[in-house]
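Please read the paragraphs below with the structure open beside the text.

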Amino acid sequence: MKIKMIVYSYTHNTLRLIEEWAKQLNQHDIEIASIHAYDEDPNTKAISLSVKPSIEAVDHVVFATCVRGFALAPIMETYLKQIQNLKGQACTLVLTQYFPFEAWGGRQAMHQFKHLVEAKGGVVKDTFILNRSRKSNSQKARILNHVPQV
Ligand SMILES: Cc1cc2nc3c(=O)[nH]c(=O)nc-3n(C[C@H](O)[C@H](O)[C@H](O)COP(=O)(O)O)c2cc1C
């Protein structure tokens with residue numbers, strides 16, 4: 001299966017998770033591509049993207065990023081508003097957040113994430129949130145053991 005993993009990660013927690021997951025999926029053809037903006041300071045209001053990964057013919061697209069102030073990282077939001085129509089593309093959404101509970105930003109950000117991807121015609125097959133300050137490793141294991149569906 002050809003899988004493209006599109007990541008926006010500022011302090012690399014999300015990127016490390018995605019790289020670990022990609023290693024687990026080593027029977028598949030995986031490409032990881034990062035989104036970048038000219039100014040990635042979290043306080044920047046005017047976002048201008050400098051690197052916008054393309055989405056070509058793939059079987060599955062993973063979008064992964066972090067929670068920012070109880071919302072989706074604005075750089076991922078900007079990217080999703082700018083991409084072409086996803087035309088039924090199977091997608092998985094991954095979010096990392098610091099706080100231990102999804103209710104502390106993750107749930108709200110995931111709702112926004114899903115809405116943006118579906119507005120572009122993407123079909124969201126699965127969603128994952130990693131609460132980084134949670135003691136248990138079960139959320140991470142669930143992600144690392146997951147095989148994206150077409
Ligand atoms: C400006 C800012 C706002 C954040 N807001 C939240 C939040 O609302 N809830 C939460 O759990 N974590 C929040 N975090 C923590 C990040 O979501 C978390 O550390 C994430 O794993 C960072 O991912 P990254 O290393 O891939 O950039 C915030 C971090 C920053 C810098």
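M76 lies in helix α2; helices (H or I, at least four residues) and strands (E, at least two) are DSSP runs, numbered from the N terminus. The model is a predicted one, in which local features need pLDDT of at least 70 and side-chain atom pairs count only at pLDDT 80 or more, while totals for chains, interfaces and linings use all residues. Residue numbers start from 1 along each chain as its sequence is written.

Is M76 buried or exposed? A residue is buried if 20 or more other C-beta atoms lie within 10 Å of its own, exposed if 12 or fewer, and partly exposed in between, with C-beta atoms placed from the backbone. M76 has 26 other C-beta atoms within 10 Å and is therefore buried. If its neighbours within four places in sequence are left aside, M76 is in contact with Y8, I35, F63 and T65; contact means that the C-beta atoms of two residues, placed from the backbone, lie within 7 Å. From M76 to L86 there are 10 residues in sequence and 15 Å in space, C-alpha to C-alpha.

The loop between α2 and β7 holds K87. Its phi is positive, near 45 degrees, in a residue other than glycine. K87 is exposed, because 10 other C-beta atoms lie within 10 Å. Another positive phi, about 65 degrees, belongs to F70, which is not a glycine either. F70 sits in the loop between β5 and β6 and, with 15 other C-beta atoms within 10 Å, is partly exposed.

Helix α3 covers residues 106–119. The expected span of a helix is 1.5 Å times one less than its number of residues. The 14 residues of α3 should therefore span 20 Å, and the end C-alpha atoms are 20 Å apart, which agrees. Which residues of α3 are buried? They are G106, A109, M110, F113 and V117. These residues cover an arc of only 100 degrees around the axis, so they are on the same side of α3; the arc is that of the directions from the helix axis to the C-beta atoms. What covers them includes β5, β6 (71–72), α2 (74–82), β7 and β8 (123–131). The face turned away from the buried side of α3 carries the exposed residues H115 and A119. After α3 comes G121, whose phi is positive, near 90 degrees.

Next comes the ligand. It is surrounded by 20 residues, and the closest are S9, T14, C66, Q97 and G105; a residue counts as near a molecule or strand if its C-beta atom, placed from the backbone, lies within 6 Å of it. At least two residues of this shell come from each of α1 (13–24), β5 (60–68) and β7 (90–97). By class, the shell has nine nonpolar, nine polar and two charged residues. Here Ala, Val, Leu, Ile, Met, Phe, Trp, Tyr, Cys and Pro count as nonpolar, Asp, Glu, Lys and Arg as charged, and the others, Gly among them, as polar.

The chain as a whole has four helices and eight strands. Its radius of gyration is 14 Å, close to the 15 Å that the globule rule gives for 150 residues, so the chain is as compact as a globular protein of that length. That radius is taken over C-alpha atoms, and the rule is 2.2 Å times the number of residues to the power 0.38. Of the 150 residues, 34% count as buried.
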